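Here are some notes to read alongside the model, one point at a time.

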Amino acid sequence: MLKPTDTRNPDHYHRVVDCQWGCPAHTNVPEYIRLIANGQYTESYLLNRKSNIFPGILGRTCDRPCEPVCRRVRLDGEPVAICRLKRVASDLRDDITGFLPAIPEEKNGKRIACIGAGCASLTVANDLLPLGYEVTIFEKLAKPGGLMWTNIPEFRLPAKVLWEEIDYVLDMGVDLRLNSPIDSLAALLEEDYDAFFIGSGAPKGKELNLPGRWDSEQIHIGIEWLESVRFGHIDRCGDRVLVIGVGNTAMDCCRTAQRLGASDVKVMARKTKPHFKASPWELEDAIEEQVEILENHSPSRFIIEDGKVVAMEFDLVTWHPGENGRLRAEKLGSKIIECDEVILAIGQDTAFPWIERDIGIDFNKWDMPIVDKTTFMTSRPGVFMGGDAAWGPENIIWGVEHGHQAAISIHAWSEGRPLTDRPPEGMNLISQKMGLHEWSYSNDYDEAERVKMRHVDLQERFKRLDIEVEEGFDIEQTLTEVERCLNCDMQTHFEANLCIECDACIDICPLDCLTITHNGTEEEVTRRLTAPLLNYPDQPLFVSEALPQTGRIMFKDEDLCIHCGLCAERCPTAAWDMRKSDLLVPYAGLAAGELHAGMSIMDLALNGGTAGGELAGTGAASTGAGTG
Amino acid sequence: MSYIKKPRVHHPGLTRNRLGLTRRDYEGTMSTLCAGCGHDSITAAIIEAFWELEIAPHEVAKTSGIGCSGKTPTYFLKEAHGFNGVHGRMPSITTGAHAANRELVCIGVSGDGDSLSIGMGQFAHVVRRNVDMLYIIENNGVYGLTKGQFSASADVGSTAKRGQVNREHPIDSVLLSLNLGAGFVARSFSGDKEQLVPIIQAGLRHRGFALIDIISPCVTFNDHRGSTKSYQYTRDNYNQLVYADFVPPAEEIATSFEAGDVRSVAMHDGSRIAFRKVPEDYDPTDRDQVYSYIRGRQQAGEVATGLLYVEPAPREATDAVDFHGIHGTVDEPLSNYPFEDLCPGADALEKLQKRFR
């Protein structure tokens, strides 16, 4: 017998909001898209900033874990352009400095040291400074930002956007020490700090130790090369460039090479397109710029003449299924490809030569520090770690989320509370009924196709390194794209005791999500559903309590629901209602839904009208006043 | 009613019938009836039945009279021919349509007011004439469109929404049509599609007049405690007397039933009705027995449902007579003949009249 779904557990409705569930930081995507639709760009930006302190940066560079899981993919194949809508909010916002949390004059006496001024450390600082902490960040380079600054070329991320968002944090009063590499953690631990956060990233590019590798100066490590370009140490490159590897760094390298004067850029891939690591959109952008991508070329040696690389030899391979599901290469021949420069972009690693191995921080057999996935603490109490440093390269948004979690731990640590007692998430659930057939949101299904991002003219964009290729959505494109969002947080909320089993909801549902049938085993029930389950159990099946008249059960397959609200409109007893689920996420010093003292009315409105602190520590969902 | 239209986007698993149509292609426009109206469930059952029978919508004539029931043909088979007639006159319209084109699949949707009050005479005669049609009465016991007065099917002792008690005796369309000689009589419930869909299919395939009286609760005016046509009352007193499965010509009767448990009744087009779980003392092909059995169940306070009576078919040529059989019309639909052939013209009329002067 299937058990009734507990919709008071925030996880159930959170799962229905695929984008928010897919986002490591649980950004409230549908709400910020509605705010954009409403022209409330500043509010939308601020809502974003609660979970993700870099909306402008990530509106251009995010790896978009939210988009492949977007419900729209399962309906018409193309996700809502969530990421680029975020950029709209960022581009069109007003000055938001007045809405940032106030920093207390009086400090709490706790000092935190962060290593590396990247996304993770900046998030830690962002969360702890309003609580009265003093935060010092040690950065080895001359500028903060980490890989966001050194590795993302300006034609993708304008400097102004980057610095503005980094400055929001720094201006809260970070004690930033530039050009200050940490050579010995042991030495730093001796200093007077209450906790340490290591957010030093994965700054070491992987090597390709093939014959000839060390015999030419024209062979570069991708991320180092990009960094040199960023700092202006490199401002041109050879005519024919080979980029080895086909991840996102490779995409940035090949496109940068073209802007530095290369006329023939080839990206060399060992496998075929389905195995490419680069995001599909980054591949597309490179291909649009006439970069050639060659599959099944496995590098075998560098060919050097007079101390200069003149060509590379590749094995031409084909792939067969091998053991453990891994592919096995078969060599078919070899090929020499001439070149003037080679850029290796085959991955990156963490590097901890500066962490002594006898100070209580344990490393695993791959020489990675052991970090607790919940508390983000290393095996040495008081030393925390997050971002790429902790588990290897990931996207910025992961670094941000690690920063939030580490800040929660550091706050608990500083106050002497156990780190494993994580503050629970909460949920507001509020009816959206505005009239007999009227909802607070745009509930009709819009058949529009995903809006295509316009790019700067192909000739024009190569003139300078800092011409942003993507033009951003104009108002018309924005208004089209926002309507594609299905408002998945507008939940179909069901109260079994009100149902009279008239079937109206089942008959009207355009996606055949609903079934009333007798309870049974999972197998029996799934066979009796109105339409087959396509993505169960990844997508939840709602199971109601027994219905009053016949004892049967209402089932809802959440998979394809478009949240049109017709079930609730056709329901004579309001057993179905459309209720907005607002996931309340805790942050350091803030219980779920709580705000910093003195936060603005605007921020209150963004919290669905909840007074700060109402749900502190309860973890229970509060059900807002519905119209019943 | 709703402000938005039902979006066209549909489940990717939606299947197509042999005409290449999905269930969604058999829908009409959005219902403007009250949310929760039983009529909308009947509409959904009609859509399901037509889709499964693979009847092309343009081969269907849907007709209705006045009342909430009169609106419902708009909500299914948007590509079918339709006529919303005068109050209680749906039978005449349907008779005319079927007389002109005997190949049309005719479905008339009426209500207890439309059929048992103002249209009582028309109803009686369309049964008598055995017009080849499916006649659906959406029976809710009240005049919903005029805000809830008792209709002719309201039971004695049942109350209106504001408490008045009904003292007048009801007309039962099932007993009435059995009396009038209908060859296919069923009662069902809008809240039970499992029962309703196969009965609609069998009714559509029955040659001659087929009646389905469907209890269809009026959610606004007759779904309260004193009602005998509410969701709750119907479910509490529901007696599914017979289980009828519709078996299309090409299919075998499912073998999952116990051999002695199934009784098969053949229909004229080779399809069959498989009766299951029929009480031992009940024969759905014995008109007199059915009549008294239903009377008995009614007196016991039960709502007897199912395909209650079906004429053992095919009858001998002499009495196998639907409307066209009785009148000996040609096999070719009259609508296929040129106008000149059907209407001799003014000169011929003049000649005829001269004979009587």
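1. Helix 8 of chain A and helix 16 of chain A cross in a right-handed sense (right-handed if the near helix is turned clockwise from the far one by less than a right angle, left-handed if anticlockwise). Helices here are DSSP runs of H or I of at least four residues and strands are runs of E of at least two, numbered from the N terminus. Before going on, please keep in mind that this is a predicted model, where local features need pLDDT of at least 70 and side-chain atom pairs count only at pLDDT 80 or more, while totals for chains, interfaces and linings use all residues. Residues are numbered from 1 along each chain as its sequence is written, and chains are lettered from A and ligands numbered from 1 in the order in which they are written.

2. To stay with this pair, the axes of helix 8 (residues 119-128) and helix 16 (residues 396-414) of chain A come within 7 Å and cross at roughly 40°; axes are lines fitted to C-alpha atoms over the stretch in contact, with angles from 0 to 180 degrees between N-to-C directions. The two helices are therefore oblique to each other (under 35 degrees is roughly parallel, over 145 roughly antiparallel, 65 to 115 roughly perpendicular and the rest oblique). Residues of helix 8 of chain A in the contact include C119(A), V124(A) and L128(A), and those of helix 16 of chain A include G399(A), H402(A) and I410(A); contact asks for C-beta atoms, placed from the backbone, within 7 Å. By class, the contact has nine nonpolar, seven polar and one charged residues (Ala, Val, Leu, Ile, Met, Phe, Trp, Tyr, Cys and Pro are nonpolar, Asp, Glu, Lys and Arg charged, and the others, Gly among them, polar).

3. V174(B), L175(B) and L178(B) of helix 6 of chain B meet R287(B), V290(B), Y291(B) and I294(B) of helix 9 of chain B. Six of the contact residues are nonpolar, none is polar and one is charged.

4. Which residues of helix 12 of chain A are buried? In this helix (residues 222-230), they are G222(A), I223(A), W225(A), L226(A), V229(A) and R230(A). Buried means 20 or more other C-beta atoms within 10 Å of a residue's own, exposed 12 or fewer, and partly exposed in between. Seen down the axis of helix 12 of chain A, these residues fall within an arc of 160°, so they line one face of the helix; the arc is that of the directions from the axis to the C-beta atoms. Their packing partners include helix 9, helix 13 and strand 13 of chain A. G232(A), with a positive phi near 80°, follows the helix.

5. Between the chains, 24 residues of chain B and 29 of chain A take part in the contact. On the chain B side, helix 1 (38-53) and helix 8 (231-236) each supply at least two residues, and helix 1 of chain B gives the largest share, four residues.

6. Lastly, two single residues. G593(A) lies in the loop between strand 23 and helix 22 of chain A and is buried, with 24 other C-beta atoms within 10 Å. H12(A), in helix 1 of chain A, is partly exposed, with 18 C-beta neighbours inside 10 Å.

Note on methods
Contact = placed C-beta atoms within 7 Å.
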